[in-house]
Amino acid sequence: MPSLSSVIPHLKIFLLGLLMVLLYALEANVAARLSVTMKETSIRTKMAKDGCRDRCGDVIIPYPFGMDTSNCYRDISYKITCAKSYRTRNPVASLNTSPDRYEVSKITLDYIQINMVAPLTCNTTNFYRVPFPVSNTLNKLTVFGCNVYGYIKPQTGPAETISRIDNNTSLNSKGRGCKSSCDRSTKIPAISCAGDGCCKTEIPKGLTSYSIQTTGIVPDSSSIFSKKKTTNSTGFTNPYAGTLNKTNSNGITSPCVLAVLINQEFLGVRDLLNLQIYLKYESFVPVILDWAIIDATTCKEAQRNSSSYACGRNSYCLESPNGPGYRCKCSKGYEGNPYLPRGCQDVDECKETRKCGKGVICINTQGSYYCRCPPDKTLETHELGNYCRPRKERFLADQKNKRRLRIFVIASSGIGVTIVIVLLLGIGYWLYRGFEKRKQRTLKQRHFEKNGGLLLKQKITSNDGRVEKAGRIFVIEELRNITDNFNPSRIIGKGGQGTVYKGMLPDGEIVAIKKSKLADETQVDQFINEVVILSQINHRNIVKLLGCCLETEVPLLVYEFVSNGTLSSHLHAAQEDGGSLLSWKVRVRIASEIAGALGYLHSDAHMPIFHRDIKSTNILLDEKYKAKVADFGLSRSIPVDKTHLTTVVQGTFGYLDPEYFHSSQFTDKSDVYSFGVVLVELLTGEKAVSILRKEEEKSLALYLVKSMKQNRLFEILDSRVLNEGDGDDVLVVAKLAKRCLKLNGKKRPTMKEVSHCLGELHEKLSTDSLYQ
């Protein structure tokens, strides 16, 4: 008999081994739970074809179903239409073969759930036709009513009516049916579908065209329908009695009941009956269809034709359990949509924590995985888990040397390949950058020459090599930097001729950059000529042209920045908000400044310049409400004659000189007419053209002339002009405006005369304010 001292060491070894087995079992259990959690939270796999939508509202659309183009679905049987519901206005999916009847609420790789109408039936037969077989495992025929028999059968010909059914009636082998009876203890609506007030039954396989029929049955003596009255002796009232009851040819009274196919998981059947009976609403119920690929009836037949075979890589074929056709499933170790060519993707089992056990290396393979230990250990497999057992010392040394050699070879090869790749990438990037720079330089030079850059350089340099005081030629990089690459947030205005951006030059000067619309390439000479002339204009009431950039498709013009908006916004926008802030004195000064600027352009400039687009939106105001004439239409080509320089801006309706409109001859008096309209705007605060005025008074010019003829001038004046202006002074300005608006241009004053008249009035008002 062994002694106690010899048994104790063996007992310790046994207990230690038992403890290790329990530990491995616990770790395997935790790893399995983590694996399930990871699979549940994994990213949704790709279900639709590339470039196709995979969702309509909340419904995911997996291929072979699809929307939009024919490339997105297998054939017309699988086309899904996505449109807004007339009931909820939300996107609703529907089968293309019946978009008005079958809304789709869910599509999986196994079935499709549609919403079908659930009509009340009163001893009638309802016929149905669906594009795929109704699932005989997920749907039930549900009959809700009293003393009624509901019956479903395949519909291949004329309907067979059930003339009379009693308690002994048996089911037809081609269909299925159930009986719902009621007695005095029956609760309506029924709580469960066990035959009292409601019944359910299974349906035949392969139904795509079927009928549902209901008929009254001979009631038991205890039935509430055996009574002629609608209220029994206990005070129970039949909720189905009254106008909803129907009597068939056998004298059996039957209520209107609900008999429909419904997804057996649907929980709202009782609510449907309440909607139908009491509220008369048409209801919809979910029905499950077992869809399949119906090109072939069996897998064997489908696999013969590889061009139409629906199953993609890493999948296998299953014959449809409900009707003809077949389905596809991803093979073990893969997941995704098996109907896409590469829809079944490998499941990386090794992402699960400790898939092979603690310390064991998991290696993922296509469709599977395997477990191994580090080179110095041996894998031990047990029912409760795996673990790695250390090997002998000499084996460890051999493995260590082999590993070092392998690492050295791999590292050397990897370093060499990496260096070659880096060099090739660097050379390719250097060549690409060089090519792009040359391309950009060539493009900018082409734009520069097309926009007259060479001519502009020649113009701004005199014969003796002296650079005249002309506009600066900017490079495009400068303007991109100061406008944050023409960021939309830098836009301060948009108009018919282009977009204006705000920027700040390196010296701190705020400028406005006008990005014009496409120019007329045939008149580049005239455009350059005006850039040179206008850049030399230095008048305090004319927006200064600082320069231009000719390296873009259309020239960019750089002006001084005027901060307080347009005269139009101060007159009209402010008027709509409750009144303009411009006093009578300020309005006279603004008019005097505009007239002075136009007089300078007409008479004192190097060459007479006609603005051709004088209007309140082209008059800018600075922070002290000083006027500056802007927008000479430089983005368009400018024709030049021997005596006058005129832009081709055709003018704006309401400001356009009628004489110019009829004769096409633009003169300095045409600018006078446009200024007259602006003068009337200052007096009245009205817009140049307004649909709010009468037909003959829509034009502000005609409105003023007519009002003065009828001695109604003071009725149309702006409130501030009427309250602050002296009547004689206002009359002087109104008469001056009337002269400017003469239809005969020769009878209009010159801008010099206008400037002189308004200048005197402004001096008078300034003097009067000093003595007040």
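Cysteine 548 is buried, with a relative accessible area of 1%. In this predicted model, its sulfur lies 7.6 Å from the closest cysteine sulfur, that of cysteine 549, which is too far for a bond. Elsewhere, the disulfide count comes to 11.

**Disulfide of cysteine 146 and cysteine 182**
- The sulfur atoms of cysteine 146 and cysteine 182 are 1.9 Å apart, and the link is left-handed, with -80° about the S-S bond.
- Cysteine 146 sits in the loop between strand 9 (139-144) and strand 10 (148-154), whereas cysteine 182, 36 residues away, sits in the loop between strand 11 (176-180) and strand 12 (198-201).
- Cysteine 146 is buried at 0% relative accessibility, and cysteine 182 is buried at 4%.

- Cysteine 311 is joined to cysteine 328 with an S to S distance of 1.9 Å; the link is left-handed, at -85°.
- This pair connects the loop between helix 3 (299-304) and strand 18 (315-319) to strand 19 (residues 326-330), and both cysteines are buried.
- Cysteine 330 bonds to cysteine 344 at 2.1 Å, again with a left-handed link of -85°.
- Cysteine 330 lies in strand 19 and cysteine 344 in strand 21 (residues 344-346); both are buried.

**Lysine 46**
- Lysine 46, in the loop between helix 1 (4-40) and strand 1 (55-56), is partly exposed at 46%.
- Lysine 46 touches Asn337 and Leu340, leaving aside residues up to four places away in sequence.
- The C-alpha atoms of lysine 46 and leucine 340 are 9.2 Å apart, although 294 residues separate them along the chain.

Terms used
Residues are numbered from 1 along each chain as its sequence is written. This is a predicted model: local features need pLDDT of at least 70, side-chain atom pairs count only at pLDDT 80 or more; totals for chains, interfaces and linings use all residues. Side-chain values use heavy atoms; hydrogens and water are left out. Helices (H or I, at least four residues) and strands (E, at least two) are DSSP runs, numbered from the N terminus. Buried means under 20% relative accessible area, exposed over 50%, partly exposed in between (1.4 Å probe, protein chains only). Contact means heavy atoms within 4.5 Å. A disulfide is a pair of cysteine sulfur atoms within 2.5 Å.
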